[in-house]
Amino acid sequence: MRLLISSYASKLIEASPYFKEGISFQTGAGGIPLAVTAFMKEAMIKKGIKGSFGLGGITGYFVELLKEGLVDKLMDVQSFDLDAVRSIRENPNHIEISADWYANPWNCGAAVNMLDVVILGATEVDTDFNANVNTEADGALLHGTGGHQDTAAGAKLTIIAQPLLRGRIPCVTDKVYNVTTPGEVIDAIVTEYGVTINPKRKDLLEAVSGLKGLPVISMEELEARAKKMSGPTDPVATTDRIIGVVEWRDGTVIDVVRQLKK
């Protein structure tokens, strides 16, 4: 299933206007993003395309792209495995960058603002394309935001790739428990049922329309399917006590996390 999701995400990237000579991208270190990197490698070789740089947390998959001349540079803010550690020691085109250079919104040269494509995950997304990565679907605190907002806002094509359900819990819902990254900067959701394009991206809708091997499903259909598969879910019960504040890149408060009653 995860390979299918990765394949769909790669096909969406290939169909987009950004899959061309000099493409820059970030795919992360999770199972699905790693597979997307592998699929993109095949597509780049097939079409004779060379990327300008890979960004973010770097893994051995990206190191392979650099070694084989499929990207010019790796801009590394965090080495995720030993292949990346060895590469950053030995290869002058594997460049260590600071968090400031990577994503500071007040830095006009931030690397995220030069991204063509980013693949991200989420614990849940809603019908307005808002994404939650700070809590589980039951409201329990999970982890910090990392570069989720920064890459989503900076990239020309932001894709959330995830299963429709995890266990019996829907990952697509009418309203996320907590908004981490607003839907206005998310362009597409990719699940095992195909791609769901944000209606504001009419260019992407046209690019994938009728594309063989890439099903397109509306957000309404996707949410309805998730509800049918998971059954009804109870709303999260919380107290009035605020235990976490979610800030946008500029420090603006966009949501809060409340203490659970249980």
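Biologist: Why is arginine 201 called buried in this predicted model?
Modeller: Arginine 201 has a relative accessible area of 9%. Buried means under 20%, so arginine 201 counts as buried.

Biologist: What makes arginine 201 and aspartate 203 a salt bridge?
Modeller: The closest N and O atoms of arginine 201 and aspartate 203 are 2.8 Å apart. The cut-off is 4 Å between a side-chain nitrogen of Lys or Arg and a carboxyl oxygen of Asp or Glu, so the pair qualifies. Salt bridges that share partners join Asp187, Lys200, Arg201 and Asp203 into one network.

Biologist: Why is aspartate 203 called partly exposed?
Modeller: Its relative accessible area is 35%.

Biologist: What makes lysine 41 and glutamate 68 a salt bridge?
Modeller: Their closest N and O atoms are 2.9 Å apart, and the rule asks for a distance within 4 Å. This pair links distant parts of the chain, with lysine 41 in helix 2 and glutamate 68 in the loop between helix 3 and strand 3. Lysine 41 counts as buried at 18% relative accessibility, whereas glutamate 68 is partly exposed at 43%.

Biologist: How do you know that asparagine 178 is buried?
Modeller: Asparagine 178 has 0% relative accessibility, and the limit for buried is under 20%; therefore asparagine 178 is buried.

Biologist: What makes the link between asparagine 178 and threonine 180 a polar contact?
Modeller: The contact between their side chains is 3.4 Å, and the cut-off for a pair of N or O atoms is within 3.5 Å.

Notes: Residues numbered from 1 in each chain as written. Predicted model: local features only at pLDDT ≥ 70, side-chain atom pairs only at ≥ 80, totals over all residues. Heavy atoms only, no water. Buried < 20%, exposed > 50% of the residue type's maximum accessible area, 1.4 Å probe, protein only. Polar contact = N/O pair within 3.5 Å; in protein donor to acceptor, adjacent residues only side chain to side chain. Helix = DSSP H or I, 4+ residues; strand = E, 2+ residues; numbered from the N terminus.
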